[in-house]
Amino acid sequence: MPNLTAIRPPQPWTAPTATGPVEATLRLPGSKSMTARALVLSACAGGPSTLRRPLRARDTELMGAGLRAMGAHVSVVDDERWLVRPHHLQGPAHVDVGLAGTVMRFLPPVAGLATGTITFDGDPHARLRPLGPLVGALRALGVRIDAAPGDGLPLTVHGTGRVAGGEVIIDASASSQLVSGLLLASAGFDRGLVVRHVGRPVPSAPHLRMTVQMMRAAGAGVDDSTPDVWAVEPGRLSGRGWDIEPDLSGAVPFFAAALITDGEVTLRDWPRSSAQPVDRLRALLGQMGGEVVLGTDGLTVRGGGRLHGLDADLSDVGELTPALAALATLADSPSRLSGVGHIRGHETDRVAALARELSALGADICETTDGLEIRPRPMRGGMFRTYDDHRMAHAASLIGLVVPGIELDDVACTSKTMPEFPALWSAMVAGKS
């Protein structure tokens, strides 16, 4: 019989247009990066752990499911408190990575510590994401891996229950996750691990600092005092409680809304000391005319009356590129965003996709090898393709604040990191948050 319940294609979503300054106080979900790392470290620990206020989204649920498939107990029944109890990891098991770079890069090294066969695959575009350097590094450490041509997905790890460890050289210029993936499991290697990066600078350095900081919090001995070298001593990680910060990358479009509409947006529950690059964000938004203040109410961004262009190297915060590019199209002067060639290997080729979709709405954009040159021009409504990329949806929503008729072909892609995004965004614009 024919399938009468076939999945319908997503319906276009019209981004709401603001009628005045956006004024909002928000409580946003937890950090994807911290949630992912806490899950892996907890599954590799010697005792149970809890994650307080983690992010429940497609990427983190895939991470939990992958660890659960390998034998760890991961309970996500309570949205506010997840429980992880480590257990002997073993196959046979299959891990669906979806389109999550964290899952496809953090779990194969963990699978090397399991006994049995662990297979990995995901969404079609996941097979295009850079994975080869990690596969090569694990093979150099003695892990047996079968991979597709080009050392990408799908792949199979034949775990023996132990990894010898030692020293490995890797080119992680495509993604800092290639290093983080090795480090997170490395305290369980017999001889620990020394990772030496060779090549162009590793992008997204704050994410690597987060990895090291969280590993130390779990009891790992990590030396990162030598540039591009990370040394981890062998040892047992400790189970612990993890307080997950609000997601700074997820908050950026909401903050950017304050700049576009000359409003004010506050993110509640922001910690006084953060593992995320809040100082870098403060500098970037400040250059564009905004003000970022950490107070008793939380982290607040205010518009300054005018939106200025930006000339910045974003190699350390490439995740911010889509939102900043959207801001740049509405600024009072040209912008140049550079150092983000690595985001061509994210959920989609973000450089090309931003140039294509923003140009279709009227912006004058020149795509460069490692970024975008943007000259503001009057924008118009139209369909904006998201390419299954949550950050692209954020960029389109920002344009829609001041340009009526911006339609997203698929706003549901925001479920990757924030399923609540359409509702939160609409409530903010309507003044109900």
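Begin by selecting Cys366: this residue is partly exposed, with a relative accessible area of 30%. The model is a predicted one. Next, select Cys413, which counts as buried because its relative accessibility of 8% falls under the 20% limit.

**The open sheet**

Now display the strands β4, β5, β3 and β14. They form an open sheet of 4 strands in the order β4-β5-β3-β14, and the pairing is mixed. Select residues 73–78 for β4 and residues 241–243 for β14: these strands stand at the edges. Each has a single partner strand, so one side of each is left without a neighbour in the sheet. Viewed across the sheet, neighbouring strands are turned by 15° against each other on average, direction ignored.

Proceed to residues 81–85, which make up β5. Strands β4 and β5 run antiparallel and are joined by 4 bridges. Within this pair, select Ser75 and find Leu83 of β5 opposite.

On the next strand, select residues 49–52, which form β3. This strand also runs antiparallel to β5, again with 4 bridges. Here Arg52 stands opposite Arg81 of β5. As background to these pairings, the strands of a sheet pair through backbone hydrogen bonds, either parallel or antiparallel.

Select Ser31 next. It lies in the loop between β2 (23–26) and α1 (32–43). Is Ser31 buried or exposed? With a relative accessibility of 1%, Ser31 counts as buried. Show its side chain together with the backbone of Met34: the side chain of Ser31 reaches the backbone nitrogen of Met34 at 3.0 Å. Then widen the selection to residues beyond four places in sequence, where Ser31 is in contact with Leu55, Ile244, Glu245, Pro246, Asp247 and Gln276.

Centre the view on Leu182. Apart from its neighbours within four places in sequence, Leu182 is in contact with Pro109, Leu134, Ala137, Leu138, Leu141, Val168, Ile170, Phe189, Leu193 and Val195.

**Lys432**

For the last stop, select Lys432, found in the segment after α12 (421–429). Its relative accessibility of 69% is over the 50% limit, and Lys432 therefore counts as exposed. Lys432 and Ala24 are 408 residues apart along the chain, whereas their C-alpha atoms are separated by 7.8 Å.

Definitions and conventions
Residues are numbered from 1 along each chain as its sequence is written. This is a predicted model: local features need pLDDT of at least 70, side-chain atom pairs count only at pLDDT 80 or more; totals for chains, interfaces and linings use all residues. Side-chain values use heavy atoms; hydrogens and water are left out. Buried means under 20% relative accessible area, exposed over 50%, partly exposed in between (1.4 Å probe, protein chains only). Two strands pair if DSSP finds at least two bridges between them. Helices (H or I, at least four residues) and strands (E, at least two) are DSSP runs, numbered from the N terminus. Axes are lines fitted to C-alpha atoms, for helices over the stretch in contact, and angles run from 0 to 180 degrees between N-to-C directions. A polar contact is a pair of N or O atoms within 3.5 Å; within protein, one must be able to donate a hydrogen and the other to accept it, and residues adjacent in sequence count only if both atoms are side-chain atoms. Contact means heavy atoms within 4.5 Å.
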